[in-house]
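Here is a quick briefing to read with the structure open beside you.

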Amino acid sequence: MGGAPLVPWVNISYVSPMANARSLYVIDDRVDWEAGAAGAFWGPFIALTTIGEVTMTSAESMVDNVIDALRPGERLAALRVVDHGWRNGLELGDDMVTERSFDRLAPVLAALHGHFACGGFVHFIGCHVALKPGLMHRFARLWDVPVYGGTGTTNGYRMNGGDWVEVRPCGRSARARRWPRARV
């Protein structure tokens with residue numbers, strides 16, 4: 001007999017769904033003078049104070065570097081994306097992601113689908129990202145995981161001058177009470 005189970009609809013697993021998963025920060029660690037004096041050194045400062053992060057300079061390098069950082073069989077419990085955001089979208093390195101540019105970048109970003117653990121999520125750590133819940137929903141649908149972002153001025157040290165918002169792949173959204181945590 002092959003490896004087929006005797007009862008195909010029963011799936012017993014003794015491994016926690018988060019057992020082979022980890023949280024990962026991906027950061028644009030370059031000085032960004034377009035963000036103004038207050039935000040220019042934000043990425044480099046977060047990178048200096050974060051251990052084990054990967055860097056990005058574009059949406060493509062973000063995807064490639066995140067996938068390269070995962071060990072064989074490892075999944076993402078949380079992907080925390082650190083770059084600037086504004087009322088109309090967010091930056092992934094040099095790529096500005098808005099409702100209009102999303103479709104152009106989606107084929108590259110789609111490569112992250114399937115790399116998340118059961119219960120995994122994405123957390124955009126950039127100012128005002130959650131003011132565009134439709135854009136967050138597009139990311140959530142593309143990756144099939146909840147996506148979090150802040151409505152106010154945020155930073156990588158759990159500060160947010162507004163609310164945290166969670167948007168699920170189904171489109172339902174809710175205010176999150178606190179910084180989203182991975183269950184690793």
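**Around cysteine 127**

Leaving out residues up to four places away in sequence, cysteine 127 touches Gly85, Trp86, Gly152, Thr153 and Thr154. Keep in mind that this is a predicted model. Cysteine 127 sits in the loop between β7 and α5, and its C-alpha atom is 8.3 Å from that of leucine 90, although the two are 37 residues apart along the chain.

**The loops on either side of α5**

- Histidine 128 is found in the loop between β7 and α5, which is also where cysteine 127 is placed.
- The phi of histidine 128 is near 60 degrees, which is a positive value in a residue other than glycine.
- Most residues other than glycine have a negative phi.
- Aspartate 144 belongs to the loop between α5 and β8.
- Aspartate 144 is not a glycine either, and its phi is positive, near 60 degrees.

**The three-stranded sheet**

- This open sheet runs in the order β4-β5-β6, and its pairing is antiparallel.
- At the edges you'll find β4 (85-86) and β6 (95-98), each of which pairs on one side only.
- Helix α4 (residues 102-109) packs on this sheet, where it touches β5 and β6, and its direction makes about 110 degrees with that of β6.
- Two bridges hold β4 and β5 together in the antiparallel sense, and the hairpin that joins β4 to β5 goes through two residues.
- Glycine 85, one of the residues touched by cysteine 127, has leucine 90 in β5 as its bridge partner.
- β5 and β6 also run antiparallel, with four bridges joining them.
- Across that pair, glutamate 91 stands opposite methionine 96 in β6, and leucine 92 faces aspartate 95 in β6.
- The hairpin of β5 and β6 has two residues between the strands, and there glycine 93 takes a positive phi near 65 degrees.

**The seven-stranded sheet**

- The order in this open sheet is β2-β1-β3-β7-β8-β9-β10, and the pairing is mixed.
- β2 (54-55) and β10 (173-176) each have a single partner strand, so one side of each of these edge strands is left without a neighbour in the sheet.
- β7 and strand β8 (residues 147-150) pair in the parallel sense over two bridges, with valine 122 opposite valine 147 in β8.
- Strand β9 (residues 164-167) pairs with β10 in the antiparallel sense over four bridges, and glutamate 166 stands opposite alanine 174 in β10.
- Five residues lie between the strands in the hairpin of β9 and β10, where glycine 171 has a positive phi near 105 degrees.
- As a general point for reading either sheet, side chains in a regular strand alternate between the two faces.

**Cavities**

- How many cavities of 30 Å³ or more are there? The count comes to two.
- The second largest cavity holds about 30 Å³ of space.
- Its lining is made up of Val81, Asp83, His84, Leu90, Glu91, Phe124, Ile125, Gly126 and Val129.
- Two or more residues of that lining come from each of β5 (89-92) and β7 (116-125).
- By residue type, the lining of the second largest cavity divides into five nonpolar, two polar and two charged.
- Leu90 and Glu91 are among the lining residues; leucine 90 is the bridge partner of glycine 85, while glutamate 91 stands opposite methionine 96.

**Aromatic pairs**

- The model has six aromatic pairs by the ring-centre rule.
- One of them brings together phenylalanine 102 and phenylalanine 139: the ring centres are 5.1 Å apart and the planes are at 85 degrees, so the pair is edge-to-face.
- Phenylalanine 102 lies in helix α4 and phenylalanine 139 in helix α5 (residues 133-143), so the pair ties together parts that are 37 residues apart in sequence.
- The helix that carries phenylalanine 102 is α4, which packs on the three-stranded sheet.

Technical notes
Residues are numbered from 1 along each chain as its sequence is written. This is a predicted model: local features need pLDDT of at least 70, side-chain atom pairs count only at pLDDT 80 or more; totals for chains, interfaces and linings use all residues. Side-chain values use heavy atoms; hydrogens and water are left out. On a 1 Å grid over the protein atoms alone, a cavity is a set of points where a 1.4 Å probe fits but cannot get out, and a pocket is an open set with protein on both sides within 12 Å along at least five of seven lines; lining residues have an atom within 4 Å of a point. Grid points are joined across faces, edges and corners, and a volume is the space filled by probe spheres set on the points. Ala, Val, Leu, Ile, Met, Phe, Trp, Tyr, Cys and Pro count as nonpolar, Asp, Glu, Lys and Arg as charged, and the others, Gly among them, as polar. Two strands pair if DSSP finds at least two bridges between them. Contact means heavy atoms within 4.5 Å. Axes are lines fitted to C-alpha atoms, for helices over the stretch in contact, and angles run from 0 to 180 degrees between N-to-C directions. Rings of Phe, Tyr and Trp (its six-membered ring) pair if their centres lie within 6.5 Å; planes under 30 degrees apart count as stacked, over 60 as edge-to-face and the rest as tilted.
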